[in-house]
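Subject: Structure handover

Hello,

Here is the structure for your files.

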Amino acid sequence: MSGHSKWENIKRKKGATDAARAKIFTKIGREIAVVVKMGGPDPAGNAKLRDLIAKAKANNVPNDNIDRIIKKAAGDGDKNNYESMVYEGYGPNGVAVIVECLTDNKNRTAADVRSYFSKFGGNMGNSGCVSYLFSDVGTVVIENNGADEDKIMDDVFEAGADDFNVEDDVVEIACAPNSVTAVRESLEGLGYKVLSAEADKIPSTYVTLTDEDSIKKMGLLLEYLEDNDDVQNVYHNWENMPSDDEE
C-alpha cells in the first residue's frame, strides 16, 4: 500500500495469518492465470509470467501451486475469464484511493467496492477523479547484503534504475514501470536477492488523518478492500497509516 514503504507492506504480508495468506495466494493465482492466457505458459517467452512467478515465490506460494495454476490456465481447466477493472474514490477526509481488480463479474465487484466506500465514510468517484494524484513507477526491493553504498549505487543504476533508497534490511529501487523485469533480472544476475518487483503507484501529495473516527473508518475501508478476492491492488495517499503494532 502506498503511504508506507514497499518493504513495510511486504513484511506485513509475510506475517499474515493463514487465512490472509490463502487470499494472497488466490490473488496471485488469478494474476498468473490472466498472463498465461495472454502470453502463454512458458516463462522464457512471457516476461509478465516471470515477474509473477518471482512474486509468488516471494510470498511463499509453493512451487506445486504455481505449476498447477499455470497448467490449468494453459489448458481448458480454467473457464473463468477475468476482466481488469479500476475504481477510484475518496476515503474519509478526502483520502484518495485507487482499487485495481480482476473480476469475472464486474457488476458484483463494482457493487462491493461502492458499498465499502459508502460504509466507511467515503464515496466512489468517476474514472480519473484521483488517478492524477499518482505516478506510475516500478518498484524493486532487494535484500541489503551489506555491500558498500557506492557499490549498490553502481549496480542499481547499471541495472536501469532511476533512484534508490538504502534501509537497514533492504534497498528500495525506483525504475520505469516497463523496466521492472529487466531491472529485477539484472540485479539477480549480479547476485542480489530480490524480495519484490512490480509496478506501483506513488502519490504526489498525502493526507493526514487526526480524527480517531476517520482513522478507524479508513483502516476498515482498506481492510475490506484487501479482503475481497476480486481486488488485486489498493493504492492510497493516507500518510499516517498505523503500523501493525499500533493497530
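Two strands are said to pair if DSSP finds at least two bridges between them. Helices (H or I, at least four residues) and strands (E, at least two) are DSSP runs, numbered from the N terminus. This is a predicted model, in which local features need pLDDT of at least 70, side-chain atom pairs count only at pLDDT 80 or more, and totals for chains, interfaces and linings use all residues. Residues are numbered from 1 along each chain as its sequence is written, and side-chain values use heavy atoms, with hydrogens and water left out.

First sheet

Strands β3, β1, β2 and β8 form, in that order, an open sheet with antiparallel pairing. β3 (123-124) and β8 (231-236) are at the edges with a single partner strand each, so one side of each has no neighbour in the sheet. Strand β1 (residues 83-90) runs antiparallel to β3 and is joined to it by two bridges. In this pair, G89 stands opposite M124 of β3. Helix α5 (residues 106-119) packs on the sheet and touches β1, β2 (96-103) and β3; contact means heavy atoms within 4.5 Å. The direction of α5 makes about 20° with that of β1. Axes are lines fitted to C-alpha atoms, for helices over the stretch in contact, and angles run from 0 to 180 degrees between N-to-C directions. Helix α8 (residues 212-227) lies across β2 and β8, at about 155° to β8.

Strand β4 (residues 134-143) pairs with strand β6 (residues 170-175) over six bridges, and G138 stands opposite C175 in β6. β5 and β6 form a hairpin with three residues between them; four bridges link these two strands, and F164 stands opposite I173.

Helix α6

Which residues of α6 are buried? They are I152, D155 and V156, where buried means under 20% relative accessible area (1.4 Å probe, protein chains only). These residues cover an arc of only 95° around the axis, which puts them on the same side of α6; the arc is that of the directions from the helix axis to the C-beta atoms. They pack against β5, β6 and α7 (180-189). After α6 comes G160, with a positive phi near 110°.

Regards

How values were computed
Buried < 20%, exposed > 50% of the residue type's maximum accessible area, 1.4 Å probe, protein only.
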